[in-house]
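Please look over the sequence and the model below before reading on.

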Amino acid sequence: MQALQPDADGDWLCDLINADGQVNQPSGCRVLAGSVVHDGFMFKSTAPGPRCVGWWPFEGADPAAHLLWADLQGNSEGRRPAQDLQTGLWGWADEKGLPLIKARFAQVGHFQHGLAAASLPTAPEVWGLVNRAGEWLEPPRWAHVSWSGARLITVQNQAGLWGAI
């Protein structure tokens, strides 16, 4: 068992310990500290090479099948922002960390009320809104998008003017 410590990428890693005090995690991987929740945990490959993370559900799935991402973020509305290991582009994974919406965006946000902000690789600083299927509802045209309250989205256009949709 190893102590809680940051690795070369700055990720804090730890071991997952079972009720008997034994290390219980995929071989060649360590748990990302703070990621353990009721249904699984995020883990990271300790092999040399690019950063590679995944989501391992406690239900005993093969962890190698889930080690797919360069980065994987928290779950919102059944979707996790996920960065493709090969392309560096972002999409969304399902609650178990498996691909759900193809990684084709430069940046993505978390889903709120069925919408998420996203930008394209050709214009990564210009944001639009996609639905839960990854389809554009509002094409990229804003410099800033944020949620303000239950159903109000504030946007800033390229000229710096603010509005709401």
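The points below cover strand pairing and then one aspartate.

This is a predicted model, in which local features need pLDDT of at least 70, side-chain atom pairs count only at pLDDT 80 or more, and totals for chains, interfaces and linings use all residues. Residues are numbered from 1 along each chain as its sequence is written, and side-chain values use heavy atoms, with hydrogens and water left out.

**Strand pairing**

- Strands are DSSP runs (E, at least two residues) numbered from the N terminus, and two of them pair if DSSP finds at least two bridges between them.
- Strand S2 (residues 12–14) runs antiparallel to strand S3 (residues 29–32) and is joined to S3 by 2 bridges, with Leu 13 standing opposite Leu 32.
- S3 is also joined by 3 bridges to strand S4 (residues 40–45), again antiparallel, and here Arg 30 stands opposite Lys 44.

**Asp 84**

- Asp 84, which lies in strand S7 (residues 80–84), is buried yet has no salt bridge, and the nearest side chain of opposite charge, Lys 102, is 7.5 Å away.
- Buried means under 20% relative accessible area with a 1.4 Å probe, protein chains only, and a salt bridge is a side-chain nitrogen of Lys or Arg within 4 Å of a carboxyl oxygen of Asp or Glu.
- A polar atom of the Asp 84 side chain lies 2.8 Å from the backbone nitrogen of Gln 86.

Conventions: Helix = DSSP H or I, 4+ residues; strand = E, 2+ residues; numbered from the N terminus. Buried < 20%, exposed > 50% of the residue type's maximum accessible area, 1.4 Å probe, protein only. Lys, Arg positive; Asp, Glu negative; His and termini not counted. Polar contact = N/O pair within 3.5 Å; in protein donor to acceptor, adjacent residues only side chain to side chain.
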